[in-house]
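Subject: Structure for you to look at

Hello,

Here is the structure you asked about, with the sequence alongside. Please open it first and then read the notes below.

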Amino acid sequence: MTMKYRCMSKIADKLKQVQDNIATACERAHRNPDHIRLVIVSKTAPLESIIEVIRLGHTDFGENRVQHLKQVAASVDAFLDENKDDPDIPDKVNWHMIGHLQRNKVRQVLKISSTIHSVDTLRLAEEVSSSAGKEEIRTNVLLQVNCSGEPQKYGVPVGAAVHLAEQIVGMPNLNLIGLMTMAPLTRDKDVVRACFVRVREIFEDIHNEGVVTNKFRQLSMGMSQDYEIAVEEGATILRIGSAVFT
Ligand SMILES: *Cc1c(COP(=O)(O)O)cnc(C)c1O
């Protein structure tokens, strides 16, 4: 074992393991790994760990709480600014809002995040659209679907998803780029897979309705526990935290 290998950080190792697993799942599913984007969920990670991930070349990060999003994005911005002459450090990173969003916090999120994964009601979509209008931007949104039907879960019910997607497509300051879902926390892989399949079918239904634009391409599904299944069922965005940071 070389010195270099032994000194490789735990985070670099874990990230590589995740990427290897994604590649293997892609082989099984006859998919191209280039078509899968990894959003690193930083919510529990210390700043040094996030910076390490940035140094490894990642520029997509996810946060599920507005307060923490603001703090961590400010810290990362300060780091990027201090290192703007370093060719190995990117000029900016993309922040994805992946958690439940209250309407009174939308404006704050739009100042930081380019993509909101958790739009799940008409009222929230309208708020995001009108706030984006005030900021004079168009923002990317995904419609969050409650694939498991568990009442405590956020997300539009499966049966109402196509209709809500049609309504969102008509809003002036939103790009509806896809669907997001969270599988139930269970070790039963069949239950998880059925959930992802259901959301992929809704995705196809929405496509077949012909109301969406060609920006509607993303399936944000798969977390540390279940990302390989998600890849097999067509995920294009994986949201992974603990598999990298713990
Ligand atoms: C925390 C979180 C994730 C990442 O979960 P891990 O199990 O840590 O990979 C993904 N999506 C959402 C919405 C989350 O809140």
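Is T59 buried, partly exposed or exposed? T59 counts as partly exposed, because its relative accessible area is 26% and the partly exposed class runs between the 20% limit for buried and the 50% limit for exposed. Please keep in mind that this is a predicted model.

T59 sits in the loop between α3 and β2 (60-63). Apart from neighbours within four places in sequence, T59 is in contact with P90, K92, V93 and N94.

The ligand

S224 places a polar side-chain atom 2.5 Å from an oxygen atom of the ligand. R239 has a polar side-chain atom 2.9 Å from a nitrogen atom of the ligand. With G241 the backbone is involved: one of its N or O atoms lies 2.8 Å from an oxygen atom of the ligand. On its own the ligand has 390 Å² of accessible area, and the protein covers 88% of that.

Helix α2

Helix α2 covers residues 10-29, which makes 20 residues. From its first C-alpha to its last it reaches 29 Å, close to the 28 Å expected at 1.5 Å a residue.

At the N-terminal end, α2 is capped by S9, which has a side-chain oxygen 3.2 Å from the backbone nitrogen of I11. Just after the helix comes H30, with a positive phi of about 55°.

Which residues of α2 are buried? The list is I11, A12, L15, V18, N21, I22, A25 and C26. An α-helix has 3.6 residues a turn, so residues three or four places apart point the same way. The cover over the buried residues of α2 includes β1 (37-41), α3 (47-55), α9 (227-232), β9 (237-240) and α10 (242-245).

N21 is one of the buried residues of α2. Its relative accessible area is 18%, so N21 counts as buried, the limit being under 20%. Leaving out neighbours within four places in sequence, N21 is in contact with Y227 and E228.

Two residues with positive phi

H30 is not a glycine, yet it has a positive phi of about 55°. It belongs to the loop between α2 and β1. Its relative accessibility is 74%, so H30 counts as exposed.

E136 also has a positive phi, near 55°, and is a residue other than glycine. Its place is the loop between α6 (122-134) and β5 (139-146). E136 is exposed because its relative accessibility is 74%, and exposed means over 50%.

Where is S129 found? S129 is part of helix α6. It is buried, because its relative accessibility is 5%. Not counting residues up to four places away in sequence, S129 touches M171, P172, N173 and L174.

M171 is in the loop between α7 (161-169) and β7 (174-181). Is M171 buried or exposed? At 10% relative accessibility, M171 is buried. Its contacts, leaving aside neighbours within four places in sequence, are L122, A125, E126 and S129. M171 and S130 are 41 residues apart in sequence, and their C-alpha atoms are 8.9 Å apart in space.

G155

G155 lies in the loop between β5 and β6 (156-157). With a relative accessible area of 15%, G155 is buried. It touches D120, Q144, V145 and N146, not counting residues up to four places away in sequence. G155 and R55 are 100 residues apart in sequence, and 34 Å separates them from C-alpha to C-alpha.

Regards

Note on methods
Residues numbered from 1 in each chain as written. Predicted model: local features only at pLDDT ≥ 70, side-chain atom pairs only at ≥ 80, totals over all residues. Heavy atoms only, no water. Polar contact = N/O pair within 3.5 Å; in protein donor to acceptor, adjacent residues only side chain to side chain. Areas by Shrake-Rupley, 256 points an atom, 1.4 Å probe, with all protein chains shown as cover. Helix = DSSP H or I, 4+ residues; strand = E, 2+ residues; numbered from the N terminus. Expected span 1.5 Å × (residues − 1). Buried < 20%, exposed > 50% of the residue type's maximum accessible area, 1.4 Å probe, protein only. Contact = heavy atoms within 4.5 Å.
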